[in-house]
Amino acid sequence: ILGLKAEAETKNETKLVLNTKEEFAKTQKVIDAPQQEKPKIEFKISDKIPIPNLPEIKDLRVEILEDWHRSHMCLTLGTEKIYLKEADKNNINDWRVIPAISMKEQGCGKVFNYYNLTGMTKKSGGYVRYKNYGESIEDSSRRFGQLLERYKDYKKVLSVWNKGNPTDGLGYAEEVWAIMEKISPPIGLVP
């Protein structure tokens, strides 16, 4: 039958005009044919870039803190990795702060107060008693991290740490900050 028209879409969206029933039927079969799915190709990282066996990277902060503890004859010598692990875990980017508080409060372990390195007190009064230095560092870092999340400023947190009020205890904050500067320049800090 002449004059029968049908439209089919192609990639270029051209229109076909078909003059016979047979031409129309052939075209319809092509249009209705199921489209083949393209195979999905998955890559592994190791397929893209060869990863060499790298030596373990030394954390310079450990050496700096060890030297600080050794030079001040601290009883906390050997706790450096705990300080750093807890600082990283609690988003305390300035890793020097808890060791500095420890030096200010307890002479980094020289004043024995039930392993309480940072002067943590109970709400009911009196110092918190810890089983070891690691437990004290862990608890102090957790609490400091929570305050840092709230106040967003180290000096405000240090003021609160000492007096419970961000406007009190600014002298304390300055003293701790000075100890932090003595431990190390702000090296390896994440802004």
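User: Is C108 buried or exposed in this structure?

Analyst: A residue counts as buried when its relative accessible area is under 20%. In this predicted model, C108 has a relative accessible area of 1%, so the residue is buried. C74 is buried as well, with a value of 7%.

User: Which residues form a disulfide, and how far apart are their sulfur atoms?

Analyst: The general idea is a distance test: two cysteine sulfur atoms must lie within 2.5 Å. Here the sulfur atoms of C74 and C108 are 1.9 Å apart, and the two residues form a disulfide. By this rule the structure holds one disulfide. The link between C74 and C108 is left-handed, with -75° about the S-S bond.

User: Where in the chain do C74 and C108 lie?

Analyst: They belong to distant parts of the chain, 34 residues apart. C74 sits in the loop between α3 (60-71) and α4 (80-89), whereas C108 sits in the loop between α5 (97-106) and α6 (133-151).

User: Which helix supplies the largest share of the lining of the largest pocket?

Analyst: That helix is α7, with three residues. Both α6 and α7 (154-163) supply at least two residues each.

User: How many residues of this lining are nonpolar, polar and charged?

Analyst: The lining of the largest pocket comprises four nonpolar, five polar and four charged residues.

Technical notes. Residues are numbered from 1 along each chain as its sequence is written. This is a predicted model: local features need pLDDT of at least 70, side-chain atom pairs count only at pLDDT 80 or more; totals for chains, interfaces and linings use all residues. Side-chain values use heavy atoms; hydrogens and water are left out. Helices (H or I, at least four residues) and strands (E, at least two) are DSSP runs, numbered from the N terminus. Buried means under 20% relative accessible area, exposed over 50%, partly exposed in between (1.4 Å probe, protein chains only). Ala, Val, Leu, Ile, Met, Phe, Trp, Tyr, Cys and Pro count as nonpolar, Asp, Glu, Lys and Arg as charged, and the others, Gly among them, as polar.
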